Amino acid sequence: MERRTNKIKLPSLLLAVLMLLSIGSAAASAKELTTTNPTLVVAAEAFSIGNGYAAVPEEVTCKEGENGAQILDRVLKENGLTHNYGGTLTDQYYLKSIGFENTDKIPQCVLGHIGDYIDGGSGSTLGEQDYTALSGWLFTVNGKPLQVSLNDYYPRQGDILRVQYSLWYGAEVGLANAMEMDKWMGISDFYPVAEKDELTRQLAVVNRNGGAALADGKVKAAYDEAMAAVQTLDISQKDADRALYQLVLAQNPECKLGDIDNDGELKVSDVLAIQKYIALVNMFTVIERAQADFNGDGAVSVADVLAIQRVIAKA
């Protein structure tokens, strides 16, 4: 698919700034804070060009002393992917490209903002300055841009490391504002971007043991819906959470809607627990949030409380 070639020409100083930011753009875990062999979730995403995952979410157990760059190197190799990088795996690492077959399927929500500035990619690798002069791979840990080089990041138990390809220095994946690109370059996020870290984690949970859980038809259907949701750049938070909750409930069929204490029936105590959550008095696990979304609209709200009260009253 041909597009008008109109790439922005960047002055050398600005290119230097971009390279510096790409080295590590939530502060990273300090090595002394890590637990022994922590497990984290790792995923490499090419959503900005409409090509899904380069590496689907998976749980990875760190080897002794392993840093983020070494973990990513291992994950990509295990997925049959090559990658080109600057520096080394232990010093000033930054990701240049991943050997990932790609075609031009750029979502309309991106084209509407920068379509005139997009050229074609290489087709065989995906990396910096492919498609646009501002493209490249960005790292987030637990939803926040990494502030150090990936080789200086040592995971903590439960971290979520997402490697995201961006065409416009984070604007289409919700990272431009977080990296203060509005101050550096006058670039702001194109639209609100939903928080998808927990959805990414739950996809990794399903992918355990070679995806054995997908043999269950309900889990497979919820997984497919979640995969579509996580790859939709401009999806609303409610729609992303709806997909998350359906996936969680499919994996935990013993957990019933509204039954927060899991005693097998809906009671006033369940209503009170949800009210306290809404009032920010109580914290809920992701399973409890899924149960509390009684009407299935992707949000835990007073509407769920009222719906449960009606069921109790009829009982």
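# A tour from the sheet to the helices

Select strand S6, residues 136–141: 6 of its 6 residues are buried, so S6 is largely enclosed by the rest of the structure. Buried means under 20% relative accessible area, with exposed over 50% and partly exposed in between, using a 1.4 Å probe and protein chains only. Strands (E, at least two residues) and helices (H or I, at least four) are DSSP runs, numbered from the N terminus.

The model is predicted: local features need pLDDT of at least 70, side-chain atom pairs count only at pLDDT 80 or more, and totals for chains, interfaces and linings use all residues. Residues are numbered from 1 along each chain as its sequence is written, and side-chain values use heavy atoms, with hydrogens and water left out.

**Stop 1**

Pairing requires at least two DSSP bridges between two strands. Highlight Thr140: Arg162 in S8 stands opposite.

S7 pairs with S6 in the antiparallel sense, over 2 bridges. On this side, Thr140 has Pro145 as its bridge partner, while Val141 is bridged to Lys144. Which residue of the S6–S7 hairpin takes a positive phi? Asn142 does, with a value near 55°, in a hairpin that has 2 residues between the strands.

**Stop 2**

Zoom out to 5 strands. They form an open sheet in the order S2-S1-S8-S6-S7, with mixed pairing. S2 (53–61) and S7 stand at the edges; each has a single partner strand, so one side of each is left without a neighbour in the sheet.

Select helix H2, residues 68–78. H2 packs on the sheet and touches S1 (39–45), S2, S6 and S8. Contact means heavy atoms within 4.5 Å. The direction of H2 makes about 120° with that of S2. Axes are lines fitted to C-alpha atoms, for helices over the stretch in contact, and angles run from 0 to 180 degrees between N-to-C directions.

**Stop 2: His83**

Go to strand S3, residues 83–88, and pick His83. Is this residue buried or exposed? His83 is buried, with a relative accessible area of 15%. Leaving aside neighbours within four places in sequence, show what His83 contacts: Asp73, Leu76, Tyr93, Leu95, Ser97 and Ile98. Asp73 is 10 residues from His83 in sequence and 7.8 Å away in space, C-alpha to C-alpha.

**Stop 3: Met179**

Move to the loop between S8 and helix H4 (181–184), where Met179 lies. Met179 counts as buried, at 7% relative accessibility.

**Stop 4: helix H5 and its partners**

Select helix H5, residues 197–206. Of its 10 residues, 9 are buried, so H5 is largely enclosed by the rest of the structure. The buried ones are Asp197, Glu198, Leu199, Thr200, Gln202, Leu203, Ala204, Val205 and Val206.

Two packed helices are described by the angle between their axes and the distance between the axes. The crossing of H5 and H8 is left-handed, meaning that the near helix is turned anticlockwise from the far one by less than a right angle, with clockwise giving right-handed.

Show the side chains. H5 contributes Glu198, Leu199, Gln202, Leu203, Val205 and Val206, and H8 contributes Ala240, Ala243, Leu244, Leu247, Val248 and Gln251. By class, the contact has 9 nonpolar, 2 polar and 1 charged. Ala, Val, Leu, Ile, Met, Phe, Trp, Tyr, Cys and Pro count as nonpolar, Asp, Glu, Lys and Arg as charged, and the others, Gly among them, as polar.

The H5 and H7 axes come within 10 Å and cross at roughly 140°. This crossing is left-handed. Leu199, Thr200, Leu203 and Val206 of H5 meet Val219, Tyr223, Ala226, Met227, Ala229 and Val230 of H7. The H5–H7 contact has 9 nonpolar, 1 polar and no charged residues.

**Last stop: Asp297**

Finish in the loop between helix H10 (286–292) and helix H11 (302–314), at Asp297. Asp297 counts as buried, at 19% relative accessibility. Not counting residues up to four places away in sequence, Asp297 touches Lys238 and Arg242.
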